[in-house]
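Here are my notes on this model, set down as numbered points.

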Amino acid sequence: MTAPARVPSFVSVIIPAYNARHLIDTQLSALAAQNYLGEFEVIVSDNCSTDGLQEHLADHPLEQALSLTVIDSSTVPGAAHARNMGIARAKGDFLAFCDADDQAHQGWLSALVEAAPGSDAVAGTVETHTLNSAEVQRWLPMPDPSERPMLFGWKPSIFSGSFGMWRTTSDAIEGFDENYARGGEDNDLALRIHLAGLSLAHAPAALVSVRLRSTFGDVWRQMVKYGEADAKVYAAYVDRGIPRRPRFAVALEILRLTLTNPLLPQRVSGTSRGHWVQSSAHLVGRAIGSIRYRTYFL
């Protein structure tokens with residue numbers, strides 16, 4: 001498939017949302033402040049919220065400015081289904097995705113669109129310093145936006161909270177795979193883009209401020225889920241070119257986690273407790289996923 005050599009005539013920004021009533025106004029205000037000069041709409045896809053999100057968005061002050069539409073995607077739990085329902089409702093020939101609890105920088109949408117003409121899809125970038133304390137930032141270090149993250153050390157990845165693709169691309173790969181209801185749908189989508197022979201551009205200026213989990217318990221639960229999802233994606237694609245994980249890698253990781261455990265003073269371990277928790281939780285999640293999906297991804 002050849003990437004469309006054109007600019008979008010209309011953009012649809014799709015936001016999956018679950019119990020985000022207390023946070024979504026930050027993202028909507030950020031979208032209303034975009035410096036993008038073209039026409040766009042915003043679709044909030046409410047996936048099983050119980051906090052009155054839809055009532056909050058009814059007659060919202062930014063409804064007209066954002067051409068805001070709220071849809072109910074509660075029939076199937078998961079962000080993948082929520083995004084697919086948003087895609088089905090979208091009017092745009094270019095689809096942009098962000099999350100309800102984050103905050104797009106002012107040039108986010110412009111940067112995605114500027115990278116679109118020569119590509120089938122565009123990977124935006126993220127940062128953690130705007131919405132999080134200095135301590136929480138240390139828990140989950142992020143690459144510099146200029147660096148292109150690689151998935152399994154193999155292919156460029158995407159973050160579904162800062163991403164865009166042409167509708168023709170979505171049609172070609174049949175949207176997000178709803179079998180990934182507990183995460184991993186963005187990694188799966190990235191691999192299907194690559195394996196379909198489609199192009200994925202990197203747009204460092206398409207920057208979104210992400211909101212990290214701020215308690216050890218929340219970090220643990222999230223990273224276990226992510227580790228399990230990574231194992232599921234790995235199992236699905238390991239026979240299609242993903243480099244196999246070295247057997248000694250887990251031994252080195254366990255050694256590192258032992259030497260940097262929270263019982264040691266941070267000045268000795270050199271690792272924040274939050275970072276240790278997220279690393280340990282991801283390892284536990286990978287172990288659970290390896291058993292569940294009958295693969296070795298430790």
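1. One aromatic cluster is made up of F97, F163 and F176. The model is a predicted one, and the points below should be read on that basis. The count of aromatic pairs comes to eight.

2. Among the aromatic pairs is that of F94 and W166, which is edge-to-face, with 5.5 Å between the centres and 80° between the planes. The two residues are 72 residues apart and link distant parts of the chain: F94 belongs to strand 4 (residues 94–98), W166 to strand 9 (residues 162–166). F94 has a relative accessibility of 0% and therefore counts as buried. W166 is likewise buried, its relative accessible area being 0%.

3. W139 and F216 form a tilted aromatic pair, at 4.9 Å centre to centre and with 45° between the planes. W139 is in helix 5 (residues 134–139) and F216 is in helix 8 (residues 216–237), so this pair ties together parts 77 residues apart in sequence. Are the two partners buried or partly exposed? W139 has a relative accessible area of 7% and is buried, whereas F216, at 39% relative accessibility, counts as partly exposed.

4. Two lysines sit over aromatic rings. K155 lies over the face of W154, 5.2 Å from the ring centre. The charged end of K232 is placed over the ring of Y180, at 4.7 Å from the centre of that ring.

5. How do helix 7 and helix 8 run relative to each other? The axes of helix 7 (residues 185–195) and helix 8 come within 10 Å and cross at roughly 25°. Angles under 35 degrees count as roughly parallel, and helix 7 and helix 8 are therefore roughly parallel to each other. Their crossing is right-handed. On the helix 7 side the contact involves N187, D188, L191, R192 and L195, which meet D230, V233 and Y237 of helix 8.

6. Helix 9 (residues 249–259) packs against helix 11 at an angle of about 150°, and the axes are 11 Å apart. Angles over 145 degrees count as roughly antiparallel, and helix 9 and helix 11 are therefore roughly antiparallel to each other. The crossing of helix 9 and helix 11 is left-handed. Helix 9 contributes V250, E253, I254, R256 and L257 to the contact, and these meet W276, S279, S280, L283 and R286 in helix 11.

7. S280 deserves a separate entry. Where does S280 lie? S280 is located in helix 11 (residues 273–292). With a relative accessible area of 8%, S280 is buried. Leaving aside residues up to four places away in sequence, S280 touches W220 and L257.

8. How many of the eight residues of helix 4 are buried? Helix 4 (residues 108–115) is mostly covered, with seven of its eight residues buried. The buried residues are W108, L109, S110, A111, L112, V113 and A115.

Note on methods:
Residues numbered from 1 in each chain as written. Predicted model: local features only at pLDDT ≥ 70, side-chain atom pairs only at ≥ 80, totals over all residues. Heavy atoms only, no water. Phe/Tyr/Trp six-rings, centres within 6.5 Å; stacked < 30°, edge-to-face > 60°. Helix = DSSP H or I, 4+ residues; strand = E, 2+ residues; numbered from the N terminus. Buried < 20%, exposed > 50% of the residue type's maximum accessible area, 1.4 Å probe, protein only. Lys NZ or Arg CZ within 6 Å of the ring centre and 35° of its normal. Axes fitted to C-alpha atoms, helices over the stretch in contact; angles between N-to-C directions. Parallel < 35°, antiparallel > 145°, perpendicular 65-115°, else oblique. Left-handed = near helix turned anticlockwise from the far one by under 90°. Contact = heavy atoms within 4.5 Å.
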